[in-house]
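These are my notebook entries on one structure, set down in the order in which I looked things up. Each entry takes up one part of the chain.

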Amino acid sequence: MITFILNNKTIITSEHSGTTLLDFVRYEQRLTGTKIGCREGDCGACTLLVGTLTNDIMEYQSITSCISPLGNAHGKHIVTVEGTNLKGKLTKAQEAMKANYATQCGFCTPGFVVALTGFALSNSENNYSNAIDAISGNICRCTGYKAIEKAVHQVVEKLENKVQNELSWLIKNDFIPEYFESIPQRLKDIEGKYLNQPKGKYVSGGTDLYVQKADHLADNDVHLIAEKDYLKGITIENGICTIGTNSTVSDLWNHIELNNSLPHLKKYLKLVSSEQIRNMASLGGNLVNASPIGDMTIFFLALNSEITITNENQKERPILLKNFYQGYKTYDLKEGELLKDINFKLPTEQSFFNFEKVCKRTHLDIASVNSAIQLSVENNIISEAHVSIGGVAAIPKYLHETSAFLSEKPLTTETILNAYETLQKEISPISDVRGTTDYKRLLARQLFFAHFTELFPKHFTLNDFIQHA
(Lines give C-alpha, C1' and ligand atoms only; values in the text may rest on other atoms or scores of the structure.)
Protein backbone atom coordinates (compact mmCIF):
# COMPACT_ATOMS: atom_id res chain seq x y z
CA MET A 1 0.00 0.00 0.00
CA ILE A 2 1.21 3.50 -0.79
CA THR A 3 1.09 5.62 2.35
CA PHE A 4 1.76 9.34 2.53
CA ILE A 5 0.31 12.62 3.76
CA LEU A 6 -1.53 14.71 1.18
CA ASN A 7 -1.90 18.22 2.57
CA ASN A 8 -3.42 17.51 6.01
CA LYS A 9 -4.79 14.05 5.18
CA THR A 10 -3.10 10.67 5.55
CA ILE A 11 -3.50 8.64 2.37
CA ILE A 12 -3.38 4.84 2.26
CA THR A 13 -4.05 3.62 -1.25
CA SER A 14 -3.68 0.51 -3.36
CA GLU A 15 -3.67 2.62 -6.51
CA HIS A 16 -1.09 1.54 -9.08
CA SER A 17 2.40 2.87 -8.26
CA GLY A 18 2.97 3.87 -11.85
CA THR A 19 -0.02 6.22 -11.97
CA THR A 20 1.08 9.83 -12.15
CA LEU A 21 0.82 11.83 -8.95
CA LEU A 22 -1.05 14.50 -10.92
CA ASP A 23 -3.83 12.12 -11.94
CA PHE A 24 -4.20 10.76 -8.41
CA VAL A 25 -4.46 14.24 -6.92
CA ARG A 26 -6.98 15.50 -9.48
CA TYR A 27 -9.12 12.45 -10.22
CA GLU A 28 -8.95 10.40 -7.05
CA GLN A 29 -8.77 13.24 -4.52
CA ARG A 30 -10.58 15.91 -6.56
CA LEU A 31 -7.95 18.54 -5.78
CA THR A 32 -8.33 20.34 -9.08
CA GLY A 33 -6.28 23.41 -8.21
CA THR A 34 -3.34 21.45 -9.59
CA LYS A 35 -3.65 21.96 -13.34
CA ILE A 36 -2.99 19.74 -16.33
CA GLY A 37 -0.86 21.59 -18.85
CA CYS A 38 1.82 20.07 -21.03
CA ARG A 39 2.14 16.65 -19.31
CA GLU A 40 5.86 16.84 -20.09
CA GLY A 41 7.17 18.73 -17.05
CA ASP A 42 7.69 21.95 -19.01
CA CYS A 43 4.94 24.37 -17.95
CA GLY A 44 4.79 24.05 -14.14
CA ALA A 45 0.99 24.21 -13.94
CA CYS A 46 1.02 20.93 -12.02
CA THR A 47 3.71 21.93 -9.51
CA LEU A 48 3.46 20.27 -6.08
CA LEU A 49 5.73 20.21 -3.05
CA VAL A 50 7.30 17.03 -1.73
CA GLY A 51 8.35 17.11 1.92
CA THR A 52 10.90 14.59 3.20
CA LEU A 53 11.82 14.07 6.85
CA THR A 54 15.61 13.92 7.18
CA ASN A 55 17.27 13.90 10.61
CA ASP A 56 14.09 15.34 12.18
CA ILE A 57 14.08 18.26 9.72
CA MET A 58 11.52 18.65 6.95
CA GLU A 59 12.97 19.41 3.54
CA TYR A 60 10.55 20.55 0.84
CA GLN A 61 11.17 20.55 -2.90
CA SER A 62 8.96 21.48 -5.83
CA ILE A 63 8.25 18.92 -8.56
CA THR A 64 6.09 18.62 -11.66
CA SER A 65 3.51 16.01 -10.74
CA CYS A 66 2.55 15.17 -14.34
CA ILE A 67 5.72 13.10 -14.79
CA SER A 68 6.11 11.81 -11.23
CA PRO A 69 4.98 8.27 -10.29
CA LEU A 70 2.51 8.07 -7.41
CA GLY A 71 4.66 5.45 -5.67
CA ASN A 72 7.45 7.99 -5.18
CA ALA A 73 5.12 9.84 -2.78
CA HIS A 74 5.32 6.93 -0.31
CA GLY A 75 6.42 8.15 3.11
CA LYS A 76 6.41 11.81 2.03
CA HIS A 77 4.33 14.95 2.59
CA ILE A 78 2.71 16.07 -0.66
CA VAL A 79 1.38 19.64 -0.78
CA THR A 80 -1.02 20.95 -3.42
CA VAL A 81 -2.13 24.56 -3.76
CA GLU A 82 -5.16 23.71 -1.59
CA GLY A 83 -2.76 22.55 1.11
CA THR A 84 -1.16 26.00 1.32
CA ASN A 85 -4.44 27.79 2.15
CA LEU A 86 -5.05 29.66 5.40
CA LYS A 87 -8.46 30.10 7.00
CA GLY A 88 -10.07 33.37 6.01
CA LYS A 89 -7.00 35.07 4.54
CA LEU A 90 -4.34 34.79 1.87
CA THR A 91 -0.86 33.43 2.37
CA LYS A 92 2.08 35.73 1.71
CA ALA A 93 2.65 34.11 -1.69
CA GLN A 94 -1.02 34.43 -2.64
CA GLU A 95 -1.17 38.02 -1.40
CA ALA A 96 1.93 38.95 -3.40
CA MET A 97 0.38 37.58 -6.60
CA LYS A 98 -2.85 39.49 -5.89
CA ALA A 99 -1.26 42.78 -4.83
CA ASN A 100 0.94 42.94 -7.92
CA TYR A 101 -1.80 41.94 -10.40
CA ALA A 102 0.33 38.91 -11.24
CA THR A 103 -2.54 36.70 -12.40
CA GLN A 104 -4.51 37.03 -15.61
CA CYS A 105 -6.33 33.92 -16.86
CA GLY A 106 -5.32 32.21 -13.60
CA PHE A 107 -4.36 28.85 -15.09
CA CYS A 108 -0.69 29.12 -14.13
CA THR A 109 -1.29 30.84 -10.79
CA PRO A 110 -1.54 27.72 -8.56
CA GLY A 111 1.82 26.51 -9.85
CA PHE A 112 3.47 29.85 -9.12
CA VAL A 113 1.95 29.99 -5.62
CA VAL A 114 3.15 26.46 -4.81
CA ALA A 115 6.65 27.16 -6.19
CA LEU A 116 6.94 30.40 -4.18
CA THR A 117 5.71 28.60 -1.06
CA GLY A 118 8.38 25.99 -1.71
CA PHE A 119 10.99 28.74 -1.87
CA ALA A 120 9.79 30.04 1.50
CA LEU A 121 10.08 26.52 2.95
CA SER A 122 13.51 25.87 1.44
CA ASN A 123 16.87 26.54 3.03
CA SER A 124 18.04 28.51 0.01
CA GLU A 125 19.60 31.87 0.70
CA ASN A 126 16.80 34.43 0.71
CA ASN A 127 17.52 36.56 -2.33
CA TYR A 128 15.75 37.52 -5.54
CA SER A 129 17.95 35.36 -7.77
CA ASN A 130 17.16 32.18 -5.83
CA ALA A 131 13.47 33.07 -5.74
CA ILE A 132 13.43 33.48 -9.52
CA ASP A 133 15.15 30.09 -9.83
CA ALA A 134 12.36 28.60 -7.73
CA ILE A 135 9.75 29.59 -10.35
CA SER A 136 12.00 28.89 -13.35
CA GLY A 137 9.83 25.94 -14.38
CA ASN A 138 6.55 27.89 -14.32
CA ILE A 139 5.23 29.33 -17.57
CA CYS A 140 2.70 32.15 -17.81
CA ARG A 141 1.08 32.01 -21.23
CA CYS A 142 -0.52 35.43 -20.73
CA THR A 143 3.01 36.89 -20.55
CA GLY A 144 2.48 38.51 -17.17
CA TYR A 145 6.07 38.03 -16.11
CA LYS A 146 6.90 41.57 -14.97
CA ALA A 147 3.99 41.53 -12.53
CA ILE A 148 5.06 38.06 -11.35
CA GLU A 149 8.62 39.31 -10.84
CA LYS A 150 7.24 42.10 -8.66
CA ALA A 151 5.35 39.48 -6.65
CA VAL A 152 8.60 37.56 -6.21
CA HIS A 153 10.29 40.72 -4.90
CA GLN A 154 7.47 41.11 -2.37
CA VAL A 155 7.84 37.52 -1.15
CA VAL A 156 11.60 37.96 -0.75
CA GLU A 157 11.02 41.14 1.31
CA LYS A 158 8.53 39.35 3.57
CA LEU A 159 11.11 36.58 4.16
CA GLU A 160 13.79 39.04 5.25
CA ASN A 161 13.75 37.95 8.91
CA LYS A 162 13.06 34.28 8.31
CA VAL A 163 14.48 31.83 10.86
CA GLN A 164 16.05 28.82 9.10
CA ASN A 165 14.38 25.42 9.60
CA GLU A 166 11.64 27.01 11.71
CA LEU A 167 8.19 26.06 10.48
CA SER A 168 6.73 28.06 13.37
CA TRP A 169 8.13 31.32 11.93
CA LEU A 170 6.55 30.61 8.54
CA ILE A 171 3.24 29.76 10.21
CA LYS A 172 3.29 32.86 12.40
CA ASN A 173 4.02 35.04 9.37
CA ASP A 174 1.27 33.56 7.17
CA PHE A 175 3.39 31.63 4.67
CA ILE A 176 1.93 28.21 5.50
CA PRO A 177 -0.98 26.85 7.57
CA GLU A 178 -0.60 25.51 11.13
CA TYR A 179 -0.94 21.82 10.27
CA PHE A 180 2.62 21.83 8.84
CA GLU A 181 3.96 21.63 12.41
CA SER A 182 2.33 18.22 12.88
CA ILE A 183 3.83 16.70 9.74
CA PRO A 184 7.24 15.56 11.11
CA GLN A 185 5.69 13.40 13.83
CA ARG A 186 3.03 12.07 11.47
CA LEU A 187 5.69 11.02 8.97
CA LYS A 188 7.58 9.25 11.76
CA ASP A 189 4.40 7.35 12.55
CA ILE A 190 4.23 5.94 9.01
CA GLU A 191 7.96 5.17 8.72
CA GLY A 192 8.71 1.56 7.96
CA LYS A 193 5.50 0.88 6.09
CA TYR A 194 6.49 -1.40 3.22
CA LEU A 195 5.86 -0.45 -0.40
CA ASN A 196 5.44 -3.52 -2.58
CA GLN A 197 7.85 -3.40 -5.49
CA PRO A 198 6.95 -5.90 -8.22
CA LYS A 199 9.40 -6.72 -10.96
CA GLY A 200 8.92 -4.31 -13.80
CA LYS A 201 10.42 -1.32 -15.55
CA TYR A 202 13.01 0.39 -13.35
CA VAL A 203 11.92 3.97 -12.65
CA SER A 204 13.74 6.56 -10.54
CA GLY A 205 12.69 10.18 -11.07
CA GLY A 206 10.67 9.36 -14.17
CA THR A 207 11.27 12.71 -15.86
CA ASP A 208 12.11 11.15 -19.21
CA LEU A 209 10.14 7.89 -19.09
CA TYR A 210 6.88 9.62 -18.17
CA VAL A 211 7.20 12.03 -21.06
CA GLN A 212 7.53 9.08 -23.44
CA LYS A 213 5.20 6.44 -22.01
CA ALA A 214 3.10 7.66 -19.06
CA ASP A 215 0.06 5.58 -20.05
CA HIS A 216 2.12 2.40 -20.39
CA LEU A 217 3.74 2.92 -16.98
CA ALA A 218 0.34 3.57 -15.38
CA ASP A 219 -0.97 0.25 -16.69
CA ASN A 220 2.04 -1.99 -16.10
CA ASP A 221 4.28 -2.96 -13.19
CA VAL A 222 7.06 -0.53 -12.33
CA HIS A 223 9.95 -1.06 -9.94
CA LEU A 224 10.60 2.27 -8.21
CA ILE A 225 14.22 2.74 -7.17
CA ALA A 226 14.33 6.42 -6.16
CA GLU A 227 14.50 5.58 -2.45
CA LYS A 228 17.13 2.82 -2.64
CA ASP A 229 19.86 4.05 -0.28
CA TYR A 230 22.73 2.22 -1.99
CA LEU A 231 22.07 4.30 -5.11
CA LYS A 232 22.17 7.63 -3.23
CA GLY A 233 24.75 10.06 -1.97
CA ILE A 234 27.78 12.06 -3.06
CA THR A 235 31.18 11.37 -1.53
CA ILE A 236 34.60 12.89 -2.18
CA GLU A 237 37.71 11.01 -1.11
CA ASN A 238 41.32 11.31 -2.26
CA GLY A 239 40.34 13.58 -5.12
CA ILE A 240 37.70 11.17 -6.46
CA CYS A 241 34.03 12.16 -6.51
CA THR A 242 31.53 9.29 -6.39
CA ILE A 243 27.88 10.07 -7.10
CA GLY A 244 25.07 7.58 -6.54
CA THR A 245 22.92 7.29 -9.64
CA ASN A 246 19.77 8.18 -7.68
CA SER A 247 21.30 11.57 -6.93
CA THR A 248 19.57 14.46 -8.62
CA VAL A 249 20.87 17.55 -10.38
CA SER A 250 19.77 19.50 -7.28
CA ASP A 251 22.05 17.28 -5.18
CA LEU A 252 24.96 18.48 -7.29
CA TRP A 253 23.68 22.07 -7.09
CA ASN A 254 23.61 21.97 -3.29
CA HIS A 255 26.89 20.10 -2.70
CA ILE A 256 29.33 22.66 -1.27
CA GLU A 257 32.58 20.76 -1.84
CA LEU A 258 31.67 19.90 -5.42
CA ASN A 259 30.85 23.55 -6.11
CA ASN A 260 34.25 24.51 -4.73
CA SER A 261 35.94 22.11 -7.15
CA LEU A 262 33.74 23.19 -10.06
CA PRO A 263 33.18 26.89 -9.30
CA HIS A 264 30.87 27.43 -12.29
CA LEU A 265 28.77 24.34 -11.59
CA LYS A 266 25.53 26.21 -10.89
CA LYS A 267 25.97 28.23 -14.08
CA TYR A 268 26.18 24.99 -16.06
CA LEU A 269 23.28 23.34 -14.25
CA LYS A 270 21.02 26.33 -14.91
CA LEU A 271 21.30 25.41 -18.58
CA VAL A 272 20.05 21.89 -17.90
CA SER A 273 16.52 22.27 -16.55
CA SER A 274 14.12 24.11 -14.25
CA GLU A 275 14.33 23.73 -10.48
CA GLN A 276 11.34 21.37 -10.47
CA ILE A 277 13.08 18.98 -12.87
CA ARG A 278 16.46 19.37 -11.14
CA ASN A 279 14.72 18.21 -7.96
CA MET A 280 13.38 15.05 -9.62
CA ALA A 281 15.63 13.82 -12.40
CA SER A 282 18.14 11.14 -11.42
CA LEU A 283 21.60 11.23 -12.94
CA GLY A 284 21.46 7.50 -13.62
CA GLY A 285 18.23 7.97 -15.53
CA ASN A 286 19.87 10.64 -17.65
CA LEU A 287 22.70 8.27 -18.55
CA VAL A 288 20.49 5.26 -19.44
CA ASN A 289 18.12 7.47 -21.37
CA ALA A 290 21.04 7.46 -23.82
CA SER A 291 19.80 10.58 -25.57
CA PRO A 292 22.40 11.94 -28.02
CA ILE A 293 21.81 15.36 -26.42
CA GLY A 294 21.58 14.39 -22.74
CA ASP A 295 23.12 17.34 -20.92
CA MET A 296 24.48 15.50 -17.88
CA THR A 297 25.79 12.67 -20.07
CA ILE A 298 27.86 15.17 -22.05
CA PHE A 299 28.94 16.72 -18.74
CA PHE A 300 30.19 13.42 -17.26
CA LEU A 301 31.81 12.25 -20.52
CA ALA A 302 34.15 15.25 -20.46
CA LEU A 303 35.07 14.41 -16.86
CA ASN A 304 36.20 11.01 -18.20
CA SER A 305 33.83 9.36 -15.76
CA GLU A 306 33.65 5.71 -14.86
CA ILE A 307 30.33 4.06 -13.99
CA THR A 308 29.73 1.08 -11.73
CA ILE A 309 27.09 -1.40 -12.87
CA THR A 310 25.47 -3.78 -10.37
CA ASN A 311 23.11 -6.73 -10.82
CA GLU A 312 20.48 -8.47 -8.71
CA ASN A 313 23.21 -10.47 -6.93
CA GLN A 314 25.14 -7.29 -6.07
CA LYS A 315 27.93 -8.29 -8.42
CA GLU A 316 29.57 -5.14 -9.74
CA ARG A 317 31.51 -4.25 -12.85
CA PRO A 318 33.10 -0.93 -13.80
CA ILE A 319 33.12 0.59 -17.27
CA LEU A 320 34.23 3.94 -18.64
CA LEU A 321 31.21 6.00 -19.61
CA LYS A 322 32.74 6.71 -23.02
CA ASN A 323 32.60 2.95 -23.73
CA PHE A 324 29.05 2.48 -22.43
CA TYR A 325 27.12 3.62 -25.51
CA GLN A 326 26.93 1.20 -28.44
CA GLY A 327 24.42 2.80 -30.81
CA TYR A 328 21.29 4.90 -30.87
CA LYS A 329 19.53 4.30 -27.51
CA THR A 330 21.59 1.14 -26.93
CA TYR A 331 24.25 0.58 -24.29
CA ASP A 332 26.17 -2.02 -22.33
CA LEU A 333 23.55 -2.94 -19.74
CA LYS A 334 22.28 -6.48 -19.31
CA GLU A 335 18.92 -7.73 -18.04
CA GLY A 336 18.54 -7.04 -14.31
CA GLU A 337 21.49 -4.63 -14.16
CA LEU A 338 21.44 -1.11 -12.76
CA LEU A 339 23.85 1.78 -12.78
CA LYS A 340 25.09 2.11 -9.20
CA ASP A 341 27.35 5.15 -9.26
CA ILE A 342 29.40 7.56 -11.33
CA ASN A 343 32.94 8.50 -10.33
CA PHE A 344 35.55 10.87 -11.70
CA LYS A 345 38.69 12.71 -10.68
CA LEU A 346 38.01 16.21 -9.47
CA PRO A 347 39.66 19.02 -11.44
CA THR A 348 42.97 20.23 -10.02
CA GLU A 349 44.70 23.60 -10.21
CA GLN A 350 46.19 22.53 -13.54
CA SER A 351 42.89 21.32 -15.02
CA PHE A 352 40.05 23.29 -16.56
CA PHE A 353 36.43 22.31 -17.22
CA ASN A 354 33.66 23.98 -19.21
CA PHE A 355 30.15 23.13 -20.43
CA GLU A 356 28.30 24.90 -23.24
CA LYS A 357 24.83 24.49 -24.71
CA VAL A 358 22.71 26.02 -27.47
CA CYS A 359 18.94 25.56 -27.61
CA LYS A 360 15.92 27.47 -28.90
CA ARG A 361 15.35 29.03 -25.48
CA THR A 362 18.34 30.32 -23.51
CA HIS A 363 17.55 28.07 -20.57
CA LEU A 364 15.48 25.00 -19.72
CA ASP A 365 15.24 23.57 -23.22
CA ILE A 366 16.41 20.52 -25.13
CA ALA A 367 19.80 21.19 -26.68
CA SER A 368 20.38 21.59 -30.37
CA VAL A 369 24.06 20.97 -29.64
CA ASN A 370 25.85 20.78 -26.29
CA SER A 371 29.49 20.24 -25.47
CA ALA A 372 31.91 19.92 -22.56
CA ILE A 373 35.67 19.87 -22.23
CA GLN A 374 38.28 19.13 -19.60
CA LEU A 375 41.90 20.10 -20.14
CA SER A 376 44.99 19.61 -18.00
CA VAL A 377 47.59 22.27 -18.84
CA GLU A 378 51.16 22.44 -17.55
CA ASN A 379 53.71 24.97 -18.81
CA ASN A 380 51.33 25.86 -21.63
CA ILE A 381 51.23 22.23 -22.81
CA ILE A 382 47.93 20.32 -22.86
CA SER A 383 48.90 17.16 -20.96
CA GLU A 384 45.42 15.61 -21.09
CA ALA A 385 42.17 16.42 -22.91
CA HIS A 386 38.64 15.08 -22.84
CA VAL A 387 36.04 16.55 -25.22
CA SER A 388 32.40 15.54 -25.57
CA ILE A 389 29.58 16.81 -27.75
CA GLY A 390 25.88 16.07 -28.15
CA GLY A 391 23.44 16.44 -31.03
CA VAL A 392 25.94 15.52 -33.73
CA ALA A 393 25.87 11.70 -33.66
CA ALA A 394 23.58 8.79 -32.81
CA ILE A 395 25.05 8.63 -29.29
CA PRO A 396 26.30 11.12 -26.69
CA LYS A 397 29.67 11.58 -28.35
CA TYR A 398 33.04 11.37 -26.63
CA LEU A 399 35.49 12.75 -29.19
CA HIS A 400 38.28 10.17 -29.00
CA GLU A 401 40.31 11.52 -31.92
CA THR A 402 39.93 15.19 -31.03
CA SER A 403 40.86 14.49 -27.40
CA ALA A 404 43.91 12.48 -28.47
CA PHE A 405 44.96 15.20 -30.93
CA LEU A 406 44.92 17.89 -28.24
CA SER A 407 47.00 15.85 -25.80
CA GLU A 408 50.69 16.77 -25.59
CA LYS A 409 50.17 19.82 -27.79
CA PRO A 410 50.96 23.46 -26.97
CA LEU A 411 47.96 25.59 -26.03
CA THR A 412 47.99 27.77 -29.13
CA THR A 413 45.55 29.03 -31.74
CA GLU A 414 47.11 26.71 -34.30
CA THR A 415 46.58 23.66 -32.08
CA ILE A 416 42.94 24.55 -31.48
CA LEU A 417 42.24 25.18 -35.16
CA ASN A 418 43.81 21.85 -36.13
CA ALA A 419 41.83 20.10 -33.39
CA TYR A 420 38.69 21.70 -34.78
CA GLU A 421 39.37 20.13 -38.17
CA THR A 422 39.65 16.74 -36.46
CA LEU A 423 36.37 17.40 -34.61
CA GLN A 424 34.50 18.09 -37.84
CA LYS A 425 35.70 14.77 -39.30
CA GLU A 426 34.64 12.94 -36.13
CA ILE A 427 31.02 14.11 -35.99
CA SER A 428 28.09 13.16 -38.24
CA PRO A 429 25.06 15.36 -37.50
CA ILE A 430 21.74 14.87 -39.25
CA SER A 431 19.00 17.39 -39.97
CA ASP A 432 16.02 17.25 -37.60
CA VAL A 433 13.61 19.55 -35.77
CA ARG A 434 16.48 21.09 -33.81
CA GLY A 435 18.45 22.16 -36.85
CA THR A 436 20.01 21.22 -40.15
CA THR A 437 23.26 19.33 -40.56
CA ASP A 438 25.08 22.54 -41.52
CA TYR A 439 23.63 24.43 -38.56
CA LYS A 440 24.77 21.75 -36.13
CA ARG A 441 28.26 21.75 -37.61
CA LEU A 442 28.32 25.52 -37.15
CA LEU A 443 27.22 25.15 -33.52
CA ALA A 444 29.87 22.49 -32.94
CA ARG A 445 32.47 24.95 -34.20
CA GLN A 446 31.20 27.81 -32.06
CA LEU A 447 30.95 25.75 -28.88
CA PHE A 448 34.39 24.19 -29.36
CA PHE A 449 35.97 27.62 -29.74
CA ALA A 450 33.85 28.98 -26.88
CA HIS A 451 35.46 26.48 -24.50
CA PHE A 452 38.85 28.09 -25.04
CA THR A 453 37.67 31.71 -24.96
CA GLU A 454 35.78 30.96 -21.75
CA LEU A 455 38.61 29.08 -20.04
CA PHE A 456 41.50 31.23 -21.29
CA PRO A 457 40.06 34.71 -21.92
CA LYS A 458 43.47 36.39 -21.67
CA HIS A 459 44.87 34.19 -24.43
CA PHE A 460 42.06 33.78 -26.95
CA THR A 461 39.11 35.65 -28.43
CA LEU A 462 36.48 34.22 -30.75
CA ASN A 463 37.87 36.33 -33.60
CA ASP A 464 41.24 34.57 -33.25
CA PHE A 465 39.52 31.39 -34.43
CA ILE A 466 36.73 32.59 -36.70
CA GLN A 467 39.05 34.48 -39.09
CA HIS A 468 41.05 31.31 -39.67
CA ALA A 469 38.34 28.62 -39.49
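Predicted model: local features only at pLDDT ≥ 70, side-chain atom pairs only at ≥ 80, totals over all residues.

**Entry 1**

I began with strand β16, residues 367–378, and found it mostly covered, with eleven of its twelve residues buried.

Strand β15 (residues 351–359) runs antiparallel to β16, and nine bridges join the two. As one point of reference along this pairing, I noted that Phe-352 has Leu-375 of β16 as its bridge partner. Strand β17 (residues 381–390) also pairs with β16 in the antiparallel sense, over nine bridges. Here I noted Ser-376, whose bridge partner in β17 is Glu-384.

I next examined the turn from β16 to β17. This hairpin has two residues between its strands, and Asn-379 takes a positive phi near 55° there.

**Entry 2: a sheet with antiparallel pairing**

I turned to an open sheet of five strands, whose order I read as β8-β9-β14-β10-β11, with antiparallel pairing. Which strands stand at the edges? They are β8 and β11 (316–320); each has a single partner strand, so one side of each is left without a neighbour in the sheet. Ignoring direction, I found neighbouring strands of this sheet turned by 20° against each other on average.

I followed two of the pairings. Strand β8 (residues 234–237) and strand β9 (residues 240–244) run antiparallel and are joined by four bridges. Glu-237 has Ile-240 of β9 as its bridge partner. The hairpin of β8 and β9 has two residues between the strands, and in it Asn-238 adopts a positive phi near 55°. Strand β10 (residues 306–310) is joined to strand β14 (residues 338–345) by five bridges, and these strands run antiparallel. Glu-306 stands opposite Asn-343 in β14.

**Entry 3: a sheet with mixed pairing**

I looked up a further open sheet, formed by five strands in the order β2-β1-β5-β3-β4, and recorded its pairing as mixed. Its edges are held by β2 and β4, each with a single partner strand, so one side of each has no neighbour in the sheet. The twist from one strand to the next averages 30°. Within this sheet I checked β3 and β5, which pair in the antiparallel sense over three bridges. Val-50 stands opposite Ile-78 in β5.

Is Thr-3 buried or exposed? Its relative accessibility is 3%, so Thr-3 counts as buried, the limit being under 20% relative accessible area. Leaving aside residues up to four places away in sequence, I listed what Thr-3 touches: Ile-11, Ile-12, Ala-73, His-74, Gly-75, Ile-190 and Lys-193. I also noted that Thr-3 and Tyr-194 are 191 residues apart along the chain, with their C-alpha atoms separated by 8.9 Å.

**Entry 4: helices beside these strands**

I took helix α1 (residues 21–28) next and found Leu-21, Leu-22, Phe-24, Val-25 and Arg-26 buried. What covers them includes β1, β2 (9–13), β3 (47–54), β4 (57–64) and β5 (77–79). Just after α1, Arg-30 takes a positive phi of about 60°.

I then placed α3, which lies across β3, β4 and β5 and runs at about 25° to β3. Helix α3 (residues 109–121) also packs with helix α5 (residues 145–158), at an angle of about 30° and with the axes 11 Å apart. That angle makes α3 roughly parallel to α5, since angles under 35 degrees count as such. The crossing of α3 with α5 is right-handed. I listed Phe-112, Leu-116 and Phe-119 of α3 as making the contact with Tyr-145, Ile-148, Val-152, Val-155 and Val-156 of α5. How do the residues of this contact divide, and how many are nonpolar? I counted eight nonpolar, no polar and no charged residues.

**Entry 5: Asn-289**

Lastly I looked up Asn-289, whose place is in helix α13 (residues 283–289). With a relative accessible area of 15%, Asn-289 is buried. Not counting residues up to four places away in sequence, Asn-289 touches Asp-208, Gln-212 and Lys-329.

Conventions
Residues numbered from 1 in each chain as written. Heavy atoms only, no water. Axes fitted to C-alpha atoms, helices over the stretch in contact; angles between N-to-C directions. Parallel < 35°, antiparallel > 145°, perpendicular 65-115°, else oblique. Left-handed = near helix turned anticlockwise from the far one by under 90°. Contact = heavy atoms within 4.5 Å. Nonpolar A, V, L, I, M, F, W, Y, C, P; charged D, E, K, R; others polar. Buried < 20%, exposed > 50% of the residue type's maximum accessible area, 1.4 Å probe, protein only. Pairing = 2+ DSSP bridges.
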